[in-house]
Amino acid sequence: MVNDWFITAYEPIRDINNQIVGIIYVGMLEAPFVYLKNRVVSIFIFIAVLSIIALAIISFITVKRITSPINELYQLTERVSKGDLSARAKISSDDEIGELIKSFNQMVDSLQIATEGYVNLTKTLEQKVQEKTNELEKAMEQLVQSEKLSALGRLAAGIAHEINNPLTAILINSHLIKEKVKKDTKLSEKLDMIIDETQRCAKIVSGLLEFSRQTPPEMKLISINEILNKTLILFETVFLANNVKVEISLDKNLPQIMADESKIKQVLTNILLNAIDAMPNGGTLKIHSQLSLDNKFVEIEIEDSGVGIPKENLDRIFDPFFTTKKSKGTGLGLSISYGIIQQHNGSIEVNSEVNKGTKVKIKLPKLEL
Ligand SMILES: Nc1ncnc2c1ncn2[C@@H]1O[C@H](COP(=O)(O)OP(=O)(O)OP(=O)(O)O)[C@@H](O)[C@H]1O
Ligand SMILES: [Mg+2]
């Protein structure tokens, strides 16, 4: 009894006459063969599975190497498109992807430079527009002011002439009557009042005449510092009496200018009187002269530490008769000064802050050589 499987083969044996004379039988146990075959198949399957896994891992790594920089680039592009120009990618390889990242970074660099240039240009442009708007506003203000003054000047001249004669008559006659009236009586008190008020009117009229007198200035070569010093000497005792400390800083190298000395003195006097009025309890007065930044003007600055001018009054201080000093002021000081500075082709500007002080800046054109 045979229990094992065999692989067998039979072949007849023939003689020379092709007659079968025997048979060849070959038999081989099947088990070792099947074992070998199974081993080969399982090794093959094992190698195949291993190769598939290796291939999958290699593919995954390769795909990751390509997609992760592209993903990063995509996110950076999003940031750049939203305006974040600081976004840069890290260059991690020397291959095509590395080249792509390098190009991306260069593109953002150029974009950043261009944007900065554009922002700067916009800023400069905005600044220029603002400067020109300010200049235009100032020119408009000056134009309105000079229109107002010239119309009022003509009117004032006419009225002043008409009023001057009757005022003189009232004053002379009041004095004559006063001589005949007993002193320290009710009547003499009333007469004093008439004389005081008439004198005030006469002061207004003379201011008006001054304001409206369109006499051309007598231009001479003068030193602004000298005029400032001469005017300040006249004020020395007034400053002392009013407890005003004066700080002077004059630019010694200022060029001489063409101006009417007495008119400029009048302007300085008006401004100094205003400053003293603004500091009833004393204070500091700063006087400064310099050449303007553009080299075209000689500038005088007079700054007090007084009560200041409220915003709503700033637009009106150059208007004739605008005063906050009730019967003490005529309101003509600054409007006369404005007219004089205009005759000199200069400008006068007032900046003020309530309870801090007021700065008046006068600009007079430098002599063109
Ligand atoms: N330095 C100053 N500080 C505060 N207020 C000022 C100053 N300068 C001018 N002002 C204001 O401007 C107004 C007009 O000034 P302006 O010199 O024209 O007239 P006034 O001083 O009132 O009178 P006048 O000068 O004719 O005697 C003043 O009444 C005052 O309210
Ligand atoms: Mg005044």
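Is Glu301 buried or exposed, and what is its relative accessible area? The points below take up this residue first and then other parts of the structure, which is a predicted model.

1. Glu301 belongs to strand S7, a run that covers residues 297–304. With a relative accessible area of 13%, Glu301 is buried, because buried is taken to mean under 20%. Leaving aside residues up to four places away in sequence, Glu301 is in contact with Lys286, Ile287, His288 and Gln290, and also with Lys359, Val360 and Lys361.

2. Phe297 has a charged neighbour on the face of its ring. Lys363 lies over that face, at 5.0 Å from the ring centre.

3. The packing of two helices deserves a description of its own. Two packed helices are described by the angle between their axes and the distance between the axes. Helix H5 spans residues 261–278 and helix H7 spans residues 333–343; the two pack at an angle of about 145°, and their axes are 9 Å apart. The crossing of H5 and H7 is left-handed.

4. Which residues of H5 and H7 meet? From H5 come Lys263, Ile264, Gln266, Val267, Asn270 and Asn274. From H7 come Gly333, Leu334, Ile336, Ser337, Ile340, Ile341 and Gln343. Sorted by class, this contact between H5 and H7 holds six nonpolar, six polar and one charged residues.

5. Burial within H7 can be listed residue by residue. Its buried residues are Leu334, Ser335, Ile336, Ser337, Tyr338, Ile340 and Ile341. After H7 comes Asn345, which has a positive phi, near 60°.

6. How many aromatic pairs does the model contain? The count comes to three aromatic pairs. One pair joins Tyr10 and Tyr25, whose ring centres are 5.0 Å apart and whose planes stand at 40°, so the pair is tilted. Tyr10 lies in strand S1 (residues 6–14), while Tyr25 lies in strand S2 (residues 20–29); the pair therefore ties together parts that are 15 residues apart in sequence.

7. The two tyrosines fall into separate accessibility classes. Tyr10 counts as exposed, at 53% relative accessibility. Tyr25, with a relative accessible area of 47%, is partly exposed.

8. The loop between S1 and S2 contains Asn18. Although Asn18 is not a glycine, its phi is positive, at about 65°.

9. A positive phi is also found at Phe321, where the value is near 75° in a residue other than glycine. Phe321 is located in the loop between helix H6 (311–314) and H7. Its relative accessibility is 38%, and Phe321 counts as partly exposed.

10. Where does Ala87 lie? Ala87 is in the loop between helix H1 (30–81) and helix H2 (96–180). At 0% relative accessibility, Ala87 counts as buried. Not counting residues up to four places away in sequence, Ala87 touches Leu76, Arg79, Val80 and Val108.

Notes. Residues are numbered from 1 along each chain as its sequence is written. Chains are lettered from A and ligands numbered from 1 in the order in which they are written. This is a predicted model: local features need pLDDT of at least 70, side-chain atom pairs count only at pLDDT 80 or more; totals for chains, interfaces and linings use all residues. Side-chain values use heavy atoms; hydrogens and water are left out. Axes are lines fitted to C-alpha atoms, for helices over the stretch in contact, and angles run from 0 to 180 degrees between N-to-C directions. Helices (H or I, at least four residues) and strands (E, at least two) are DSSP runs, numbered from the N terminus. A crossing is left-handed if the near helix is turned anticlockwise from the far one by less than a right angle, and right-handed if clockwise. Contact means heavy atoms within 4.5 Å. Ala, Val, Leu, Ile, Met, Phe, Trp, Tyr, Cys and Pro count as nonpolar, Asp, Glu, Lys and Arg as charged, and the others, Gly among them, as polar. Rings of Phe, Tyr and Trp (its six-membered ring) pair if their centres lie within 6.5 Å; planes under 30 degrees apart count as stacked, over 60 as edge-to-face and the rest as tilted. Buried means under 20% relative accessible area, exposed over 50%, partly exposed in between (1.4 Å probe, protein chains only). A charge sits over a ring if NZ of Lys or CZ of Arg is within 6 Å of the ring centre and within 35 degrees of the ring normal.
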